[in-house]
Amino acid sequence: MPYNGQTAGKGGHSDFVRNPDVQAFLHDCDYMRPPSDAEGKAMAASFSKAPADVSPRLPEYVLASDASKRDEPINEKLPSTQIGFIKVSHVLIQMNKYAELIDPITRFVDPFKVAELHRNASPITYTLPGSNIRYKGAKSVKDGFRHAVYSQLGEDRAGGDKYQFILTDTLFALSNNKVVVNRCPSCNSEHEFVFVPKTQTLPCKVCDAIIYMTDWLRLHEGISDFGDNTVAITRMMSCIEHLLLMAFIRQVFEADVRALSKMAFVIDGPLAIFGQPAKLHARIMAFLFTVNLKLAELKKEPLLVLGLQKTGEVMDHANMMSRFLPSGVLRILDDDYRNKYIKGSDAPAANFGNETYFGQDFLFKTERGRIFNFAIPYMHPNKKNENGANFAQLKADPKAYGSLIVRACDFIRHFELDLYDSSIVPVALAHRHASISITPGGKVLDIITKAGLSRT
Ligand SMILES: [Zn+2]
């Protein structure tokens, strides 16, 4: 209804925000607001000059991933009948060939050269039942979804017989080859189902349903027979993207651990797993710690895994802050800063992201004036407090990250292009599926072995 002489026009958004009831309600709420000049200056004062190496230690190979999903009705006449489709693309960029992709004058990626490399494109896809779809005669959408998750994660995606690339293997490897489910996901009766690589499915003695080792991920818990299953498909997409990344890292780790110190892995999004599969984050954190321990023993640099976030509350904050920041500054996003300026929370958690995050966020404004929110993995095996120190303090100590912070900054500087806001070339290329899209598994290993990375 029009009010204050306003007409209810197309600007529905601002109309509703101007509504006195909404205004009164907002007055009672805490939320992120643009900082005042004084606040902005105070926040900016806590940033410091971003580190840069005189000769940047750039990786020789960059593997970037990008995931997308569709979850739409299969037919306009059946709007409640939904299928989930997840696609994860990977690009592998060889640094010494990277220069050839860039036009030296415009600093843009040459679309013709990129198209040439596009021929091998081979994204990994997963198809899942959504509402009103029962897979292989399952008694409910949820049971069919569990079955589909297990069969698709258990599939070998290497695309050849030389290597294997199976996500259930990765999940076992991250879990010391033992996965325990405490409850039947079909009838909910309590029972301990213990899975090992040789036994990946077990029957429920109460309801006879088959329980799969992948039920540990709890992805099915967001699935209902007729409800909208969009959130569950989104969780699954993020979970699979992280598992695939770990599968790549593990493959190189087992073949030639030294090569990992010359590679970078980039993921589009935070280093965190949200929702039902969140506990996977702790296993990823422990695995990456093991990798880095091994690299340290061999006197090699730690593995650069970079999460880049283009949207979300940290980027909202960053965009509001940017005008107060000089170029070339960095800040570790410790919990104090996050709670004070981003979360606006009076009762913050003892450790932000305790159940979800395996990496630390940073805000970085480059010398060219673009602002990035990047994350690198925590350099600890778990979040238990050590020597009385709270994990919130441990993770906020820049010294813990060794060379990773300066390497991350140099990496972003190198790949930053005028074309993309808060994105870098590998991620943008993965997103457009327009680069050296690779078949998983074999090819990465082949290329790395041939290059003899570990010998140099
Ligand atoms: Zn049961």
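These legends describe close-up views of a predicted model.

**Figure 1. Overview of the protein chain.** The predicted chain holds 456 residues, and 49% of them are buried. Its secondary structure comes to 15 helices and 13 strands. Take the contacts between residues at least 6 apart in sequence: 72% of these join residues at least 24 apart. The accessible surface is about 21700 Å². Carbon and sulfur atoms account for 52% of that surface. Across the whole structure, a search finds 20 salt bridges.

**Figure 2. Salt bridge between Glu301 and Arg57.** The two side chains meet at 2.7 Å, N to O. Glu301 sits in the loop between helix H9 (280-297) and strand E10 (304-309), while Arg57 sits in the loop between strand E1 (48-49) and strand E2 (61-73), so the pair ties together parts 244 residues apart in sequence. Glu301 is partly exposed, with a relative accessibility of 29%. Arg57 is partly exposed as well, at 35%.

Figure 3. Arg407 forms a salt bridge with Glu301; the closest N and O atoms are 3.8 Å apart. Arg407 belongs to helix H13 (residues 404-415) and Glu301 to the loop between H9 and E10, so this pair links parts 106 residues apart in sequence. How accessible is Arg407? Its relative accessibility is 4%, so Arg407 counts as buried; the cut-off for buried is under 20%. Glu301, by contrast, is partly exposed at 29%. A network of salt bridges links Asp53, Arg57, Glu301 and Arg407.

**Figure 4. Salt bridge between Lys310 and Asp268.** The closest N and O atoms of this pair are 3.2 Å apart. Lys310 lies in the loop between E10 and helix H10 (313-321), and Asp268 lies in strand E9 (residues 263-268), so the bridge ties together parts 42 residues apart in sequence. Lys310 is partly exposed, with a relative accessible area of 34%. Asp268 is also partly exposed, at 24%.

**Figure 5. Helix H8.** H8 runs over residues 230-256 and has 27 residues. From first C-alpha to last, H8 reaches 39 Å. That is close to the 39 Å expected at 1.5 Å a residue. Of the 27 residues, 19 are buried, so H8 is largely enclosed by the rest of the structure.

Figure 6. E5 (residues 179-183) pairs with E6 (residues 190-195) in the antiparallel sense. The pairing covers four bridges. Val179 stands opposite Phe195 in E6. Six residues lie between the strands of this hairpin. In the hairpin, Asn188 takes a positive phi near 75°.

**Figure 7. The buried face of helix H10.** Which residues of H10 are buried? They are Val314, Met315, His317, Ala318 and Met321. Seen down the helix axis, these buried residues fall within an arc of 160°, so they line one face of H10. Their packing partners include two helices, H3 (37-45) and H11 (335-343). The buried residues of H10 also pack against strands E10, E12 (359-365) and E13 (371-377).

Terms used. Residues numbered from 1 in each chain as written. Predicted model: local features only at pLDDT ≥ 70, side-chain atom pairs only at ≥ 80, totals over all residues. Heavy atoms only, no water. Salt bridge = Lys/Arg side-chain N within 4 Å of Asp/Glu carboxyl O. Buried < 20%, exposed > 50% of the residue type's maximum accessible area, 1.4 Å probe, protein only. Contact = heavy atoms within 4.5 Å. Areas by Shrake-Rupley, 256 points an atom, 1.4 Å probe, with all protein chains shown as cover. Expected span 1.5 Å × (residues − 1). Pairing = 2+ DSSP bridges. Arc of directions from axis to C-beta.
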